[in-house]
Amino acid sequence: MSTEWLTAGNDGAIAPNDVQRCDIGDATYAVVKTGDGRCFVIDGLCTHGKAHLADGFVDGDVIECPKHNGRFNVVTGAAIATPARVAVRSYETRVRDGVVEFRVG
Ligand code: FES
């Protein structure tokens, strides 16, 4: 299990209530900035129908899938609105020197 911090993007490039896609190898992540400016990295694909959550909409701590409007809490990853029923992973995330970093371990 890796404890290495991975780079997800630049903090300044993401506005509050917005999301950016981050691809590393074969994995896809969504880098979310909440309404109050906190960053969270979550799995990039919706657990319902594999839509890219980076194409979704952020409101506060919640991201809404662009395909069928399922919703996830970005802090916990919990699915909070159907048709999404299975959580995404929300990874340990930090911002250092303006760079958003996360680790999957
Ligand atoms: S693909 Fe996300 S709710 Fe269906």
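How many bridges join β3 to β4, and in which sense do the strands run? Five bridges join them, and the two strands run antiparallel. The structure is a predicted model, in which local features need pLDDT of at least 70, side-chain atom pairs count only at pLDDT 80 or more, and totals for chains, interfaces and linings use all residues. Residues are numbered from 1 along each chain as its sequence is written, and side-chain values use heavy atoms, with hydrogens and water left out.

The protein chain holds 10 strands and zero helices. Strands here are DSSP runs of E with at least two residues, helices are runs of H or I with at least four, and both are numbered from the N terminus. Along the sequence the pattern reads β-β-β-β-β-β-β-β-β-β. The C-alpha trace spans about 35 × 30 × 20 Å along its principal axes. The radius of gyration, taken over C-alpha atoms, is compared with a globule rule of 2.2 Å times the number of residues to the power 0.38. For 105 residues, a compact globule would have a value near 13 Å; the protein chain has 12 Å, which agrees. Of the 105 residues, 37% count as buried. Buried means under 20% relative accessible area, exposed means over 50%, and partly exposed lies in between (1.4 Å probe, protein chains only). Contacts are heavy atoms within 4.5 Å. Among contacts between residues at least 6 apart in sequence, 40% join residues at least 24 apart.

Six strands form an open sheet in the order β1-β10-β9-β4-β3-β2, with antiparallel pairing. The edges are β1 (6-10) and β2, each with a single partner strand, so one side of each is left without a neighbour in the sheet. Neighbouring strands of this sheet are turned by 30° against each other on average, direction ignored. The axes behind this angle are lines fitted to C-alpha atoms, for helices over the stretch in contact; angles run from 0 to 180 degrees between N-to-C directions. Two strands pair if DSSP finds at least two bridges between them.

T7 has E101 as its bridge partner in β10. I24 is bridged to A27 in β3. The hairpin of β2 and β3 has two residues between the strands, and G25 takes a positive phi near 60°. β3 also forms a hairpin with β4, with five residues between them. G37 in that turn has a positive phi of about 90°. Across this pair, V31 has V41 as its bridge partner in β4. Six of the seven residues of β3 are buried, so this strand is largely enclosed by the rest of the structure.

The interior was examined next. In soluble globular proteins, nonpolar side chains tend to be buried together. A nonpolar core is a set of buried Ala, Val, Leu, Ile, Met, Phe, Trp, Tyr and Cys residues joined through side-chain atoms within 4.5 Å. The largest such core has 16 residues, of which V19, V32, I42, L53, I63 and F72 touch the most other members. β3 and β4 are the elements that give two or more residues to this core. L53 touches residues including V19, A30, I42, I63, F72 and V88, not counting residues up to four places away in sequence. A second, separate core of 11 residues includes I14, C22, Y29 and V100.

Charged pairs come last. Side chains of opposite charge can pair when their charged atoms come close. With a salt bridge taken as a side-chain nitrogen of Lys or Arg within 4 Å of a carboxyl oxygen of Asp or Glu, the count comes to seven. D61 and R38 meet at 2.8 Å, N to O. This pair links distant parts of the chain, 23 residues apart. D61 lies in the loop between β5 (57-59) and β6 (62-64), and R38 in the loop between β3 (27-33) and β4 (39-43). D61 is partly exposed at 28% relative accessible area, and R38 is partly exposed at 34%. D36, R38 and D61 are linked in a network of salt bridges. R71 forms a salt bridge with E64, with the closest N and O atoms 2.8 Å apart. E64 is buried at 16%, whereas R71 is partly exposed at 37%. D23 forms a salt bridge with R21 at 3.1 Å between the closest N and O atoms. D23 is partly exposed at 44%, and R21 is partly exposed at 42%.
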